[in-house]
Every structure is written in structure tokens, then in C-alpha cells.
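Please load the model in your viewer and keep the selection panel at hand.

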Amino acid sequence: MTKRALITGITGQDGSYLAELLLNKGYKVYGLRRRTSTPIMENIEHIKNEIEFIEGDLMDQGSLSHAVNVSQPDEVYNLAAQSFVGTSWDQPSLTGQLTGIGVTNMLEAVRLNKPDAKFYQASSSEMFGKVVETPQKETTPFYPRSPYGVAKVYGHWITVNYRESYNMFACSGILFNHESPRRGVEFVTRKVTDAVAKIKLGLQTELRMGNLDAKRDWGFAGDYVKAMWLMLQQDKPDDFVISTGETHTVQELVEIAFSYVGLNWQDYVVIDPKFVRPAEVDLLLGDCSKAKEKLGWKREVGFEQMIRMMVDHDLERLQKQAQAELV
Ligand code: NAP
Ligand code: F7E
């Protein structure tokens, strides 16, 4: 029988890769999409005709119940969130309501309408924040450093709580940073690759950045959505860290991206206090031994390979745009 999946956050980076993965596996895919004045379809333009969209919002309980009722999913992937850490200081209450309480709203919609559906919660390495041990694994205590991190800790524990209270098949994937050409342009990897492409093509002269010393464990989003799916194929629900086990500074990222197009980063990068955060997560490095052992998951794409892929994509996109403007 055809399996049915409901994805929240389908228009985002992960939602688009996950939808592709599930469609390739023969799933019927439902996507919860919020109303926007202009539809945001860039990431899913190529598959939009294969997805059944349901309008709803993570902060509107009735619309979530409706979405679960209509889709009758075997699997629910809760990816929707206010996901940009920087914005979480500007909009802390919204971030709490959406990224935190929104998880309860979705869990309630599943509990009341399709309690046997398997549930995936998009938890984050930002929960480790000011890390108390390195590398970080499933048992590492949380110490979030932003309103976003705090909201994700709530989302994580409410997922565990629904598993323990109602015996629901609810999993939390503690994913470290993962990137791709579909990454939002305010996140550091995409901000850099977009700027490098623009500078190379003469469309931009400098790149303004925040803290170059921060270290992150960066993987490829296409690899990470496979782990989400694997978690829901197990006999028992559990929580898993997904990471590469490598950490790099923001400066290394900048160096790799500029040198790939034959430029010296020091000629273009300017430090701007505007991009320095009120509280920083200095170092993230994940230990995903449990996922390797129990899920058989491993990453395929390396860090440099991914950055080069993103620069290539941004160069190609900008060149196509320029050609279209000439016509
Ligand atoms: P993303 O690209 O920012 O996508 C977020 C999605 O949430 C978008 O589809 C967005 O819709 C949707 N959304 C926002 N507000 C909503 C609302 N009120 N109701 C319903 N949908 C709403 O994020 P991502 O990188 O794909 O990440 C997916 C999830 O994993 C997020 O929960 C994120 O916090 C978490 N996470 C990400 C990473 C990472 O490195 N990427 C790591 C760990 C955890 P619009 O298109 O309409 O804005
Ligand atoms: O920042 C530093 C910044 O915004 C990475 C989200 O997907 O991953 C992401 O959160 C680092 C930070 O991602 C700039 O201070 C320096 O140390 O790309 P980012 P993030 O905050 O790590 C986690 C796992 C999530 O769950 C989140 O949803 O880069 N940095 N200069 C900068 N960052 C940005 N954005 N812009 C700069 O100019």
C-alpha cells in the first residue's frame, strides 16, 4: 500500500529534499504550506505538481488538525520553524510560539487525529549551545545560547514527553548544521557562496561578516534528510545525533569559497559588528556513532565538496539571471 507522509516546512531547504526523497520512494506526499502574499515555491518548483498542498500554520491548531485529518499520514515530519538564530533575538516571542509551542500544536494534531502516525521532530545542535562536552552526543546536557536554541529544547522535550506519555512513535533528530544550494541566503554558508559568486561576476565589491572564529560541524542537507526517514523506519522511536564528526571555522569556509574562484578572501571580507550575535555558540562537533550503528546512516558529501557545489550553483544562477535580463 502507498505510504502517506505529511511534511511541515515543505518550502524550506530540508522540506524540499525530504519531499524529493519520499516521492522517489513512492510515497504520497502532503505538504503543509502557509499562506503568503506571493507563493514561496523556489525550492519545490520542480516537484510541486507531485505534492498535495494543505494550507495551514504551525501556530493555528485547527489548521494542523485539518491537515492531519485530510492526509491521514503514516509519517509526519515536523520541519517548520522560525529557523534563523539571528532573527530569534529580534523576534523572541514569535520564535518561542512557532519553534517551541508549534511542536506541541503538531503533536496534539497527530495525537487527536492519527495517533499511530510516526512523528519526526527537527531538533538542533543549537540545543548544545555553550557546550558542556565535546564531541556532543545524545546524552550531552543542553545549554542553549539563543531564543531559537531555547525554543528547540522545548520542542525536543515535548516530543520525548509525548512518546513517554502517550506511547506515540515520536523521534527527535538532533541535526547539526546542514547546507545546500537551497539554503536561505542569510545563513553563513549561503551568504558566503552567494557573495563569492557576485564578487567574481563583478556584481558586489565586499562581504560584511560577523564572528569568523565560530566553529561548526557542517554537512549536506541531501544526506541529512535520509537520516530523518531512517529514524521513522525503526522498530522503536528514539533520538539521534546527525553530524559529520568534523568541525571548521567560519574563516575556513570563507577561505575555501574565495580560493575556489581564484580570489583572496582578505581583499573582500569586512568585519561588521552588526553580524556579531549577543551570545555565540563557539564550537559544535557532533558524535553520530549511534546513528551509524543503529540506522546504518553515513554522510556522502564532504565539506569542501559541498561549498564548491554551492559556489557553482550561485555562479550558474547569477549568470542565467544576467542572460535573461539581456533578452
Ligand atoms: P528553512 O529553510 O528555514 O525552512 C523553514 C520552513 O518552515 C519553511 O518551509 C517555512 O515556510 C516554514 N514555516 C515558517 N513559519 C511557519 C509557520 N508559521 N507555519 C508553517 N510553516 C512555517 O529551514 P531548514 O533549514 O529547512 O530546517 C528545517 C527544520 O530543521 C527547522 O525546524 C530548523 O529549525 C531545523 N534545523 C535545521 C538545521 C539546518 O542546519 N538546516 C539544523 C538543525 C535543525 P515559508 O517558506 O513560508 O517561510
Ligand atoms: O551561523 C557565524 C555565526 O546562521 C553559523 C540554523 O540552521 O544551524 C543553523 O544555525 C555561524 C555562527 O547558522 C556571520 O555567528 C559569522 O556562529 O549559518 P548560521 P547557525 O546559527 O549555526 C543550526 C544547527 C540550526 O538549527 C539553525 O536552524 O556563523 N557568522 N558571520 C555568521 N552567521 C551569519 N548568518 N551571518 C554572518 O554574517
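A residue counts as near a molecule if one of its heavy atoms lies within 4 Å of it. The model shown here is predicted.

**Stop 1: the ligand shell.** Select ligand 1 together with its surroundings: 25 residues surround it, and the closest are Thr11, Asp14, Arg34, Ser83 and Tyr148. Colour the shell by class to see 11 nonpolar, nine polar and five charged residues.

**Stop 2: polar contacts.** Select Thr11, where a polar side-chain atom lies 2.5 Å from an oxygen atom of ligand 1. Continue to Asp14, which places a backbone N or O atom 2.8 Å from an oxygen atom of the ligand. At Gly12, a backbone N or O atom lies 3.0 Å from an oxygen atom of ligand 1. Of the 910 Å² that ligand 1 exposes when taken alone, the protein buries 89%.

**Stop 3: elements around the ligand.** Display helix 1 (13-24), strand 5 (118-124) and helix 5 (147-166), each of which supplies at least two residues of the shell. Which of these gives the largest share of the shell? Strand 5 does, with three residues.

**Stop 4: the cavity.** The structure holds one cavity of 30 Å³ or more, and the largest cavity has a volume of about 30 Å³. To locate the largest cavity, select its lining: Val85, Trp89, Glu126, Arg145, Ser146, Arg216, Arg277, Ala279, Glu280 and Val281. By class, this lining has four nonpolar, one polar and five charged residues. Finally, colour domain 1 (4-179 + 218-242) and domain 2 (188-216 + 246-283 + 301-326): both give residues to the lining, so the largest cavity lies between them.

How values were computed:
Residues numbered from 1 in each chain as written. Chains lettered and ligands numbered in written order. Predicted model: local features only at pLDDT ≥ 70, side-chain atom pairs only at ≥ 80, totals over all residues. Heavy atoms only, no water. 1 Å grid on protein atoms, 1.4 Å probe; cavity = no way out; pocket = protein on both sides within 12 Å on 5 of 7 lines; lining within 4 Å. Points joined across faces, edges and corners; volume = space filled by probe spheres on them. Nonpolar A, V, L, I, M, F, W, Y, C, P; charged D, E, K, R; others polar. Domains from an automatic or database assignment. Polar contact = N/O pair within 3.5 Å; in protein donor to acceptor, adjacent residues only side chain to side chain. Areas by Shrake-Rupley, 256 points an atom, 1.4 Å probe, with all protein chains shown as cover. Helix = DSSP H or I, 4+ residues; strand = E, 2+ residues; numbered from the N terminus.
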